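Have a look at the structure first, and then we can go through them point by point.

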Amino acid sequence: MKKFKFSFVLLSIMLILAACGNNKETGGDGKEEAADFPKKAVEIIVPYAAGGGTDTVARSFADMAKKELGESVAVVNKEGGGGAVGMQNGINAKADGHTVTMVTVELLTLPHSGLAQFSYKDIKPVALLNEDPAAITVPADAPYNTIEEFIEAAKKEKLKVGNSGTGAIWHLAAAAFEKETGVEFNHVPFEGAAPAITALLGGHVDAVSVSPAEVSSQVKSGKLKVLAVMAEEKVASLPEVPTLKEKGIDLSIGTWRGLAVPKDTPAEVVKVLEEAFGKTAQSDEFKAQLEKMNLGYRYENSEGFSKMLEEKDQLFGDLIPSLKLN
């Protein structure tokens, strides 16, 4: 609890500093702005450190997108606050389309956790690029071979489910699973998904709720098995694994990455970005890059991305306060 409060104070200071260094001017008349847009290089803010998954996706995408935009696309890392600092910088940027932010699921979870003052309504979504659902994963020799058997076991005893940290997306996924199925887990937090998986392999927890990509090597080697994914559709790398919806459980939750601009960006400028980013996101080259990184693919245009944000915000708005993290 003390750690959480300290993080809140520290994050508040960082966000104030971030806001001070930004320009919130709007882009003026949309048609005039779009006529010669882009006028200069477009910048993508990555709210995490260089070298991570989000950074790698952004850099690959930027390199491909410049062909469609006709201007160079640069990536700038502004990490801190679990992604809050970079996203706040993006929200406060000049709304002329030249500053784009790689937003992630933390755009929705941080505000409901009391760790950010912004809302998804402060940005204009342009394109969703990627989505990875939570996957209920257990040891290969576990006594349950289906999600139904896993639920029955969880009703008889409080299973230990490892996650990537209290309040992190994989903790939220397991908590949402509890609410939907009526079971109760003993949540065991770790400093990321990797140590949670190590604990699972060592028999210290009964299951983990992480992404399919994070357990793919252990599944291929026969050490772990995935019982279900919390996705709208089956995962390409796990075609035999059912979705929860196929099992009658209406739950879809996971992590994702997308591009957005400040909410006041002229609609015509957003349209230029949407067209260029849409072509890039749907290219075979970009899909191959995600596959190479073991990341899931999901493209949505501005309208589809906006709808998804609205739905997921409702989910986290109901879920996170019930966890009493503060």
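1. Which element gives the largest share of the lining of the second largest pocket? Helix 9 does, with five residues. The model is predicted, so local features need pLDDT of at least 70 and side-chain atom pairs 80 or more, while totals for chains, interfaces and linings use all residues. Residues are numbered from 1 along each chain as its sequence is written, and side-chain values use heavy atoms, without hydrogens and water.

2. A pocket is an open set of points on a 1 Å grid over the protein atoms alone, with protein on both sides within 12 Å along at least five of seven lines; a cavity is a set where a 1.4 Å probe fits but cannot get out, and lining residues have an atom within 4 Å of a point.

3. The second largest pocket has a volume of about 650 Å³ (the space filled by probe spheres set on the points, which are joined across faces, edges and corners). Its lining has 24 residues, with V235, A236, S237, G296 and Y297 nearest the centre. Elements giving two or more residues to this lining include helix 9 (212–220) and strand 4 (123–133).

4. Now for the cavity: the structure holds one of 30 Å³ or more. The largest cavity contains about 30 Å³ of space, and V105, E131, I253, G254, W256, K312 and F316 line it. Strand 10 (254–262) and helix 12 (302–323) each give two or more of these residues (helices, H or I, have at least four residues and strands, E, at least two, as DSSP runs numbered from the N terminus).
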